[in-house]
Amino acid sequence: MDEKIVHEDDLGNLRRSHYSFQISRSNIDESVVIVGWISSKRDHGNVLFVQLRDQFGEMQVVVKKKELSSDLFNTIRNLKEHSSLGITGVVVEQKNSLDQVEIIPKEIKILSISNKPAPFLTQAVSSVGIDTRLDLRAIDLRRNHLQYIFKIRNTVINSIREYFNENYFVEVNTPKMIATATEGGAALFPIFYYDREAFLAQSPQLYKEQLTMAFESVFEIAPIFRAEPSRTNRHLSEAISVDAEKAYVDYRDMMDHLEKLIHHIINKINTKNANELENLGISLPQINNSFTRITYSDLVRKLQANHKYIRWGDDISPKILKDLFGDEFFFIIEWPASTKPFYVKSITEDDYSAGKDIDEKNRLSESFDLMFGGLELSSGSTRINNKSMLMENMKKKGLNDKAFDYHLRVFDYAVPPHAGFGLGLERLIMAILRLDNIRDATFYPRDIDRLTP
Ligand code: AMO
């Protein structure tokens, strides 16, 4: 086909009358207007079977040579997958199928023409590498496999909002261009902010804490930025974090919230996405009513039986955790204070049983990580709400408290006791859907090697 003689029509007044899911046997003999892109085509000589795909699914369009001008018939015959069509036609019963219908076109508009065959198929699980797919991400996202994942992601986001709304949390937005690091300096992205240096926010930490003064219970679903130098299947440079913060509670109350939130999400997916789960061939993780809560110190003692080299204060490798817990949600609680950021509250002397050693290096914190096997999904803690303790902790961690003046200022006005958590959205989806690579839970992943598309 000479591409130049094929012309693309304007959309003009053409508007869809039905989505694919709205057409069934009850519409037989009705005239409909459908729009979508060609996901596949079968050529039987004088008849073409075109699968037209919209937001919800596919419709079969039967294009017969004798019913169209030969120019238009040949043009459609030569159209490549991904081209967009608008079709006005009649719904008829599908031959050889009692419950299916198909569309016989009366008028066909070619709305957009694909010039090249895509380097991967739309239907099958792709055999090409992830980089080829990410280079053409919008086309990749048309594949069924990713459509199922992102429909489930949509349920996850909606159910998170639902949970927080039902529990009186207020949705907030905090600045993403900030003046100081909150989660340790190494993973910061510096930016130019007029004549000053600024940073992309690693988390909404200090702002969500401050907002508990005004709103008590807040949540945010927004990007966080981490200059992760490593190439792994679980780190992004830009991730979506679900952050919650609440006044007049401690870390244990926030673990209860996180646990209920995960239950709510799993229940919603099970009811809303049965179809997607079946097509993906997975069932959601079985979850116990309450997740195991193991203290960091007990975990280290337990692991030392088989892994002599593990010392108290070390991070614990994902592989070792996966071997011990398998695919299970569980909390590791009360981490050494030395492993946690400056705003995390230590377990105080009063909380220790008599005679327990609480010298600085053995100090524990009111903190937790939510894990799924070896994957960290969330961290949270009770926060320090006392100004001098916070300043002392900043010094201990080698931070210049002057740089945090804008934050410390509000502590003169009685910051309430409060606690919260940050939950990685892509990590949660990875865990729930057992994805090997976090990039498949991300629309346009950013990592050390990728800044486009
Ligand atoms: P933390 O740094 O542990 O805690 O981050 C919280 C959660 O965010 C997710 N996450 C990431 N996901 C993908 N790629 C990354 N590079 C990445 N970095 C973090 C993880 C992690 O568990 N302010 C605290 C939270 C709090 O205490 O409220 C914080 O940021 O799932």
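## Composition of the ligand shell

In the classification used here, Ala, Val, Leu, Ile, Met, Phe, Trp, Tyr, Cys and Pro are nonpolar, Asp, Glu, Lys and Arg are charged, and the others, Gly among them, are polar. On that basis, the shell around the ligand in this predicted model comprises seven nonpolar, eight polar and eight charged residues.

The ligand is surrounded by 23 residues, of which Gln205, Lys208, Glu376, Ser379 and Arg383 are the closest. Helix H5 (205-215), strand S15 (375-382) and strand S16 (418-424) each contribute at least two residues to this shell. The greatest contribution comes from S15, which gives five residues.

## Polar contacts and burial of the ligand

In Glu376, a polar side-chain atom is placed 2.5 Å from an oxygen atom of the ligand. For Gln205, the separation between an N or O atom of the side chain and a nitrogen atom of the ligand is 2.6 Å. Tyr343 has a polar side-chain atom 3.1 Å from a nitrogen atom of the ligand. The ligand taken alone exposes 620 Å², and the protein buries 92% of that area.

## Helix H12

Helix H12 spans residues 425-433 and is mostly covered, with nine of its nine residues buried. The buried residues include the charged Glu426 and Arg427, together with Leu425, Leu428, Ile429, Met430, Ala431, Ile432 and Leu433. After H12 comes Arg434, which has a positive phi near 50°.

Technical notes: Residues numbered from 1 in each chain as written. Predicted model: local features only at pLDDT ≥ 70, side-chain atom pairs only at ≥ 80, totals over all residues. Heavy atoms only, no water. Near = heavy atom within 4 Å. Polar contact = N/O pair within 3.5 Å; in protein donor to acceptor, adjacent residues only side chain to side chain. Areas by Shrake-Rupley, 256 points an atom, 1.4 Å probe, with all protein chains shown as cover. Helix = DSSP H or I, 4+ residues; strand = E, 2+ residues; numbered from the N terminus. Buried < 20%, exposed > 50% of the residue type's maximum accessible area, 1.4 Å probe, protein only.
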